[in-house]
Amino acid sequence: MEPLKLVNVVKQYGDKTAVNQISLEVGRGEIYGLLGANGAGKTTTMRMVLGLIYPDGGEILYNGKPYHAGLQQIMGYLPEERGLYPKIKVSEQIVYLARLRGMSQQDADKSLRYWLERFDVPEYYDKRIEELSKGNQQKMGFIAAIVHKPQIVILDEAFSGLDPVNVELLKATVKELRDEGTSILFSTHRMEHVEELCQRITILHKSNTVVQGNIRDIKSRYPREEVLLHTIGDVSGLDAIPGVTAVERIDRGYHIRIAAPETAQAILQKAMQETTVERFEIKEPTLNQIFIQEVGDSHE
Ligand SMILES: Nc1ncnc2c1ncn2[C@@H]1O[C@H](COP(=O)(O)OP(=O)(O)OP(=O)(O)O)[C@@H](O)[C@H]1O
């Protein structure tokens with residue numbers, strides 16, 4: 001049974017439909033990508049999953065059951081906007097939050113100290129949130145979301161404001177939680193993170209699901225219109241090959257846009273006649289390109 005399942009979930013704000021019939025399921029040990037332009041309905045969806053707002057239609061099931069008392073103990077949430085109080089000490093508020101979610105004082109304290117050590121900042125235990133940099137506040141928010149070992153974790157732009165070293169640190173932690181069986185609903189605008197972490201995604205656009213499924217399957221549905229060619233010498237007249245729509249000279253070769261798959265073979269043949277080919281690749285579209293194609297021309 002899936003730990004989290006949404007079936008035709010709808011949310012209205014007056015006349016405005018913020019989320020229209022979204023269905024998805026997050027498996028055990030899965031990081032599921034929830035994507036969409038600004039205003040697409042991601043936060044509204046996450047808030048419904050957390051039980052902070054109620055759906056107007058459809059159902060949300062947690063291990064097969066509708067929302068029920070005690071669920072907060074198995075869920076963790078990192079909101080996009082900082083969720084921690086600036087004036088209160090890290091230890092006081094994270095231990096308090098963990099206790100609200102069913103942990104004993106002693107276990108909460110132990111878990112917090114573990115994570116502070118893991119993130120190499122044990123000294124933050126006694127600091128107030130406002131004393132920390134933006135990125136380190138984000139790290140504390142992340143700890144607050146996972147300190148009570150939840151089964152379902154909802155991460156909204158988890159890596160925003162972090163430097164590259166800390167992005168890697170948190171990414172490794174997210175993968176570790178996945179490997180331990182946690183179900184993670186992961187929302188971000190950073191497509192490279194989605195490509196690295198998620199297998200399945202939903203792209204929302206103006207409240208509707210426009211793309212859904214396994215990233216590999218999704219990519220296979222889009223034409224492969226780019227060729228990467230690395231050669232020792234120059235290749236002449238590439239732009240005269242029928243079906244070639246653009247040729248860009250790049251370091252060690254060419255980046256070529258094509259209109260039909262057979263054009264790629266003609267490019268390879270011509271290149272091999274003229275010089276030594278070091279690399280030839282018909283590139284599949286990136287998630288970024290798919291995203292822009294689906295929602296790009298109409299960001300809110
Ligand atoms: N409390 C509310 N009252 C009225 N409309 C709302 C409310 N909350 C959200 N909306 C509207 O619902 C739509 C979806 O908003 P939502 O915050 O879920 O988008 P999002 O995908 O999270 O966007 P972002 O990437 O900017 O965070 C938007 O048009 C928004 O204006």
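Which strands are included in what covers the buried residues of α8?

## The model and its confidence

This is a predicted model, in which local features need pLDDT of at least 70 and side-chain atom pairs count only at pLDDT 80 or more, while totals for chains, interfaces and linings use all residues. Residues are numbered from 1 along each chain as its sequence is written.

The mean pLDDT of the protein (the predictor's confidence in each residue, from 0 to 100) is 93, and 98% of its residues reach 70 or more. For the complex, the predictor gives an ipTM of 0.96 and a pTM of 0.89.

## Overall architecture

Nine helices and 13 strands make up the secondary structure count of the protein; these are DSSP runs numbered from the N terminus, with helices being H or I of at least four residues and strands E of at least two. The domain assignment, an automatic or database one, gives domain 1 as 4-219 and domain 2 as 223-283. Their C-alpha centres lie 43 Å apart, and the C-alpha atoms of the protein fill a box of roughly 75 × 45 × 35 Å along the principal axes.

Of the 300 residues in the protein, 34% are buried. Here a residue is buried if 20 or more other C-beta atoms lie within 10 Å of its own, exposed if 12 or fewer, and partly exposed in between, with C-beta atoms placed from the backbone.

## Helix α8 and its two faces

Now back to the opening question. Helix α8 (residues 261-274) has T263, A264, I267 and A271 as its buried residues. They cover an arc of only 105 degrees around the axis, so they sit on the same side of α8; the arc is that of the directions from the helix axis to the C-beta atoms.

What covers these buried residues includes β10 (226-231), β11 (244-250), β12 (253-258) and β13 (277-283). The face of α8 turned away from its buried side carries the exposed residues E262, Q265, Q269 and Q273.

Conventions. Two residues are in contact if their C-beta atoms, placed from the backbone, lie within 7 Å.
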